Amino acid sequence: MNHEPLYQQLVNEWITLIQNGVMRPGERLPSVRQACAMHKVSPSTILAAYRALEDRGVIEARPQSGFYVKSSANLPLPRMRRQSTALPTSDDVLDHIEAFMAAQTGEDFIDLSLASPRGSDFYPSGRVKQILNQLIRQQPELATDYPFPPGSARLRRQIAQRVVSWGCVLAAEDLVITNGCSEALSLALRAVCKPGDTVGLESPTYFALVPLLKSLGLSAIEIPTHPTTGLSLDALELLLSEQRLNAIVAMPTVHNPLGCSMPLEAKKRLAQLVNQYRVPLIEDTPHAELFYGQAVPDAVKAYDRDGWVLLCSSYSKTLVPGFRIGWIAPGRYLKEVTRLKVASTLGQPRLLEETVAEYLESGGYDHHLRSLRRHFMSQMERLRGMVASHFPAGTRATSPSGGCLLWVELPSATDTQQLFRAALAERITVAPGTIYSAKGRYRHCLRLSCCYPWSDAFERALVRVGELAGQSRSTTA
C-alpha cells in the first residue's frame, strides 16, 4: 500500500513518464479538469502535483495556456541502475578519503563536493547571533558552568517535540546531546559493538563511516542500496539470517550520497527485521529535515518495538554547522551511550545548546526549513540540468528526494580519482566515488553538492568538470 500523498504519487508518475520519453519537452500537460477526470482526484490535488513539478523545474506554467514539460536540459536524468552485491570490506579507500579531506583546506577553491552549506543564503545567522548575545548577557553562567551529559533539558524537550512529526514518541530523558552527528554515530557503534565485530553498511555509504569503523576495530559488509528505494532488505535479511552482522548503519531518509528515501513499507520491514533478529540499527538522519515533500517521512525508529534502533541526527546541515550540536536516541543502549559520552567528550557547551533550544522554541525553525528546502530544490534542478548539458554522453544521475547531494554515474571507462586530481589542479574540488565504498567501488561515479551560493564561477567549474570527465579514462577499463 502506497502511503505517499496522492499529489506526490502523481508527481512520481509524471516524472517517470517524462524520463521514459512518453511526455516530451514542450508538450502540454492535461488541463486540471482533464487530469481530475483521468485520475479521479480533486482539482486541489492536481494543482498541488503541478506546483511540485514546477518547483522541481520539470514543468513550467504558461499564462492562459497551461503547464508544459520544460526543455531537456532541465529534465531529470535517467534513474541509475541497481548497485553492486554485498561483499566484505577492506580499508584500501582510506588514502582516498584522506586526500579528499586534505583538499578541503585549500583557499580560493570552487567546492562542488562537501555537504556543508556556507554563507547567509542558507542559515539564519542574524537571528542566531541575536539569541546568543541575549543569552550571554542574561545568563553569563552558561559560558562558565561545566556541562555534563545528557545535555540541555530544554533542548532535549524541543527535539522530542520535533520528532513527533517523524512518528517517534520520545521523552527528553531518552536523548543525549552530542558533538554533531559524527559523535552520535561513534557513540552508537561503540555502545553496540566490540572490536572484531562486523557492521552492515549501505553501498554506497557515507564516506566518514569507513575510517570510523577502522578506528574502532570493526569490519564491514557492503549491502546493495538502490538509488531510489534505498537499502536492499532482501540482502539484509539474508545476512541477518546467517548471523553475519553485529550492527547496521543506514540512512533511510535522504540518503548520503544517493539522496533517496526508503518507502514507508520498507522502513516498517526494516524495523521488524532488526527487532526480530535483535541486531541494532543505527539510523543516521542528518539530512532528513531537508526532505522535499511537505512533511518529513516517518523514521524507522517510529516502528521500533523493543529499542533496537538508535536514532542519530544533528543541526549541522540545517541550522548552525559551527555549533556542532547533534543528538542520539539510543533506545535500549541509553545507559551505555551516556557512559561513553562522559568518557569521551563529557558534555556540550551549554551556551550553544541553549541558543539552539531558544531558536527552536521561538518557532522560526519550520519557516527556515521551508525556505532552505525550496532553495535546495531549485539549485538541485539547476545542477542536474548542468550535468545533463555538460557531462559526457551516457552520464546518469539520481533524482534526490531531498537535500543538496547529487550522485553522478559517468560512463564506465571514466576514472573519477583521475578526475579528482585533474580538477584539484584547477582549484576545483569534487568527491570521487571510491570514497563511498569500503571496497573502493564506484570508480566511475562522483558526488556533487549544490549547497553553495549559485554563481557564474560555480557554473564555470561545473562545465569544466564535465569537460575533464570526458578526458578521464580508467586504466583498468
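## A walk through the salt bridges, sheets and helices

With a nitrogen-to-oxygen cut-off of 4 Å, the count comes to 23 salt bridges. Please keep in mind as we go that this is a predicted model.

Let us begin with one pair. Glutamate 289 forms a salt bridge with arginine 162, and their closest N and O atoms are 3.2 Å apart. Glutamate 289 sits in the loop between strand E9 (281-284) and strand E10 (309-314), while arginine 162 belongs to helix H6 (residues 153-162), so this pair ties together parts that are 127 residues apart in sequence. Both glutamate 289 and arginine 162 are buried.

An α-helix has 3.6 residues a turn, so residues three or four places apart point the same way. Glutamate 381 has 8% relative accessibility and therefore counts as buried; arginine 384, at 1%, counts as buried too. Elsewhere, salt bridges that share partners join Arg154, Glu354, Glu358 and Glu361 into one network.

Now to the sheets. Eight strands make an open sheet with mixed pairing, in the order E4-E11-E10-E9-E8-E5-E6-E7. Strand E4 (176-179) and E7 are at its edges; each has a single partner strand, so one side of each is left without a neighbour in the sheet. E4 runs antiparallel to strand E11 (residues 325-329), and four bridges join the two. Threonine 178 is found opposite glycine 326 in E11. Helix H7 (residues 180-192) packs on this sheet, where it touches E4, strand E5 (198-203), E8, E9, E10 and E11; the direction of H7 makes about 160 degrees with that of E10.

In H10, the residues Ala266, Lys267, Leu270, Ala271, Leu273, Val274 and Asn275 are buried. What covers them? The cover includes strand E7 (230-231), helix H9 (233-241), strand E8 (247-250), E9 and E10. After H10 comes arginine 278, which has a positive phi near 55 degrees.

Another open sheet has four strands, in the order E12-E13-E16-E15 and with antiparallel pairing. Its edge strands are strand E12 (396-397) and strand E15 (431-432), each of which pairs on one side only. E12 and strand E13 (residues 405-409) run antiparallel and are joined by two bridges, and valine 408 in E13 is the bridge partner of alanine 397. E13 also pairs with E16, in the antiparallel sense, over five bridges; here cysteine 445 in E16 is the bridge partner of glutamate 409.

How much of E13 is covered? Five of its five residues are buried. In a regular strand the side chains alternate between the two faces of the sheet. In E13 both faces are covered, with Leu405, Trp407 and Glu409 buried on one side and Leu406 and Val408 buried on the other.

Phe458, Ala461, Leu462, Val465, Gly466, Leu468 and Ala469 are its buried residues. Where do they fall around the helix? Seen down the axis of H15, they stay within an arc of 165 degrees, so they line one face of the helix. On the other side, Asp456, Arg460 and Gln471 are exposed. The cover over the buried residues of H15 includes strand E3 (110-111), H13, helix H14 (416-425), strand E14 (428-429) and strand E16 (445-449).

Note on methods: Residues are numbered from 1 along each chain as its sequence is written. This is a predicted model: local features need pLDDT of at least 70, side-chain atom pairs count only at pLDDT 80 or more; totals for chains, interfaces and linings use all residues. Side-chain values use heavy atoms; hydrogens and water are left out. A salt bridge is a side-chain nitrogen of Lys or Arg within 4 Å of a carboxyl oxygen of Asp or Glu. Buried means under 20% relative accessible area, exposed over 50%, partly exposed in between (1.4 Å probe, protein chains only). The arc is that of the directions from the helix axis to the C-beta atoms. Contact means heavy atoms within 4.5 Å. Two strands pair if DSSP finds at least two bridges between them. Axes are lines fitted to C-alpha atoms, for helices over the stretch in contact, and angles run from 0 to 180 degrees between N-to-C directions.
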